Amino acid sequence: MSYMRIMLAMVLTGLALPVEGISAFAEDAMPSASDAAFARDRNAEIDASVARVEAERTAEFERARNAEIEMAFAAYEQAKFERERNNEISASLAAVAGARARDAQNVAEAAFEREQNAEADASMARVAAVQEAEFERDRNLEIDAAMAAYQNVKFAEERNAEIAMSLAAVDAARREAEFVAARNAEIEISLSEVRSRQHPIETGSIARE
């Protein structure tokens, strides 16, 4: 196989040899002057092709690397967003749970206050009823005492009136008796005088006859 065919096969198959290997191969092949010039040209082309391939590979690697970096950064941003979102959701759930707990506590406190107020109202109603009953008993006792005092006064007045009437009757009877006695005494005196006057008159009249 000639040198040109070997180089062409290498290019077609995509094989790339280092410059030192190509030079050693060229020296072993002992090409002619024209072949050496052609080889230099081909080596230059190969070097340029290798450089292009390396540049393309580097660009592809950079693109792939950039894509990986972008994907990793996107994944990091997504993870960061998800973490922040999860934190927000957790904070929101905690706030909701806290609000519900506060609401439940407020409801419990309001129910307790209502129960306490109901108990206080019932207690005050019982106290008011007891006080009302005691007031009514005291009032009834006062009324009974007043009625008893009134009855006593009325009885005393009636009794005093009866006593006064009895005393008046006794006094009238006494005065009547005294009057009757005095009148009888006067009558007796009058009768005595009459009798005493009648006896001498009768004697004198008989003497005159």
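What you see here is a predicted model. The protein chain averages a pLDDT of 79, with 79% of the residues scoring at least 70. Among the elements, helix H3, residues 33–208, has the highest mean pLDDT, at 85. Helix H2, residues 19–29, has the lowest, at 51. Please take care with residues 203–209, where the pLDDT is below 50. Beyond near neighbours in sequence, that stretch makes zero contacts in the model.

Now, back to Arg85. Its relative accessibility is 44%, so Arg85 counts as partly exposed. Its salt-bridge partner is Glu88, and the closest N and O atoms are 3.3 Å apart. Glu88 is partly exposed too, with a relative accessible area of 46%.

How many salt bridges does a search of the whole structure find? The search gives nine.

Let me show you another one: Arg139 and Glu142 meet through their side chains, at 3.4 Å from N to O. They are also three residues apart in helix H3, about one helical turn. Arg139 is partly exposed at 44%, and Glu142 is partly exposed at 48%.

Last stop: Arg174 and Asp171, bridged at 2.5 Å, N to O. Both lie in helix H3, three residues and about one turn apart. Salt bridges with shared partners join Asp171, Arg174, Arg175 and Glu178 into one network. In that group, Arg174 is partly exposed at 42%, and Asp171 is partly exposed at 25%.

Definitions and conventions. Residues are numbered from 1 along each chain as its sequence is written. This is a predicted model: local features need pLDDT of at least 70, side-chain atom pairs count only at pLDDT 80 or more; totals for chains, interfaces and linings use all residues. Side-chain values use heavy atoms; hydrogens and water are left out. pLDDT is the predictor's confidence in each residue, from 0 to 100. Helices (H or I, at least four residues) and strands (E, at least two) are DSSP runs, numbered from the N terminus. Contact means heavy atoms within 4.5 Å. A salt bridge is a side-chain nitrogen of Lys or Arg within 4 Å of a carboxyl oxygen of Asp or Glu. Buried means under 20% relative accessible area, exposed over 50%, partly exposed in between (1.4 Å probe, protein chains only).
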